[in-house]
Amino acid sequence: MQLTQTIKLDCPHCGIREAAFTQAGQYNYSGVSIGIPGYQTPHSTVLFICPDSTCRQGVVAAAKNGVIDKFYPERQSDIPDHLPERVKSYFRQGINSLDGSFDAAGTMFRKSLEAGLKDKFPETKGNLVQRIKKLAESGSLTQDLADWADHIRNEGNDAAHDEFTKYQAEELHEFTKLVLTYLFTLPAIAERAGAARQDKKAQAKALPKA
């Protein structure tokens with residue numbers, strides 16, 4: 001990203017999206033204020049301020065030759081790790097719609113759940129309500145998870161047909177994130193940890209005995 005007087009960022013403090021942050025100061029790496037608008041040194045640290053009147057907190061950018069390398073603090077991703085690409089795409093579209101397109105957000109979170117269940121349990125057939133019921137009956141989903149999934153389904157249906165509020169969209173975001181984390185992120189973490197344990201055991205066996 002080019003270093004300019006104003007840049008668009010998602011605020012890591014208040015969560016406002018695509019906000020126009022403005023420069024409040026630019027310094028070289030010795031901490032000396034440059035103080036000349038538009039002037040750039042090969043290496044600089046630049047302070048940008050959130051425009052939201054209830055936030056006004058800062059983000060620091062590290063720049064080299066007029067190009068921003070990194071921001072501090074970084075905004076944490078709301079997308080769970082290890083999602084299949086199609087599921088991730090739908091979930092990201094839901095997040096991107098939280099800036100005001102709440103009906104679209106609710107619809108996309110429901111769609112990400114449906115795609116996730118199809119990917120995780122391809123042998124389970126039927127529409128979404130049938131899939132959830134079958135997965136609960138087989139024990140593939142705990143009853144709590146099945147209830148959350150059914151809540152996402154119902155709220156997603158409401159978003160497609162009725163007025164959907166910001167509160168509903170944000171709540172649905174959290175429910176969907178939890179379910180997808182359980183389905184994809186936690187198993188991947190457990191698998192990686194198991195592989196690491198096996199590698200450690202193998203290395204221990206390979207060591208020469210005293």
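Helices here are DSSP runs of H or I with at least four residues, strands are runs of E with at least two, and both are numbered from the N terminus. The structure is a predicted model, in which local features need pLDDT of at least 70 and side-chain atom pairs count only at pLDDT 80 or more, whereas totals for chains, interfaces and linings use all residues. Residues are numbered from 1 along each chain as its sequence is written, and side-chain values use heavy atoms, with hydrogens and water left out.

The side chains of Glu85 and Lys88 form a salt bridge, with 3.6 Å from N to O, where the term stands for a side-chain nitrogen of Lys or Arg within 4 Å of a carboxyl oxygen of Asp or Glu. Side chains of opposite charge can pair when their charged atoms come close. Glu85 is exposed, with a relative accessible area of 59%, while Lys88, at 22%, counts as partly exposed; buried means under 20% relative accessible area, exposed means over 50%, and partly exposed lies in between, for a 1.4 Å probe and protein chains only.

By the same rule the count comes to three salt bridges. One of them joins the side chains of Glu114 and Arg110, at 3.1 Å from N to O. These two residues are four apart in helix α2 (residues 102–120), and so about one helical turn separates Glu114 from Arg110. Both Glu114 and Arg110 are buried. Arg153 is buried, with a relative accessible area of 14%, whereas Asp150 is partly exposed at 25%.

The loop between α2 and α3 (128–138) holds Phe121, a residue that is buried at a relative accessible area of 10%. Leaving aside neighbours within four places in sequence, Phe121 is in contact, meaning heavy atoms within 4.5 Å, with Arg131, Leu135, Ser140, Leu141 and Leu183. Between Phe121 and Ile152, which are 31 residues apart along the chain, the C-alpha atoms are separated by 18 Å.

Seen as a whole, the protein has five helices and five strands, and from the N terminus on its elements run β-β-β-β-β-α-α-α-α-α. Its radius of gyration is 23 Å, whereas a compact globule of 210 residues would have one near 17 Å; the value is taken over C-alpha atoms, and the globule rule is 2.2 Å times the number of residues to the power 0.38. Along the principal axes, the C-alpha trace spans about 75 × 65 × 25 Å.

Of the 210 residues, 37% count as buried, and among contacts between residues at least 6 apart in sequence, 49% join residues at least 24 apart. The accessible surface comes to about 12,400 Å², with 51% of that area belonging to carbon and sulfur atoms, as computed by the Shrake-Rupley method with a 1.4 Å probe. The protein has 26 positive and 26 negative charges, and their mean positions are 9 Å apart. In that count Lys and Arg are positive and Asp and Glu negative, while His and the chain ends are not counted, and each charge is placed at NZ of Lys, CZ of Arg, CG of Asp or CD of Glu.
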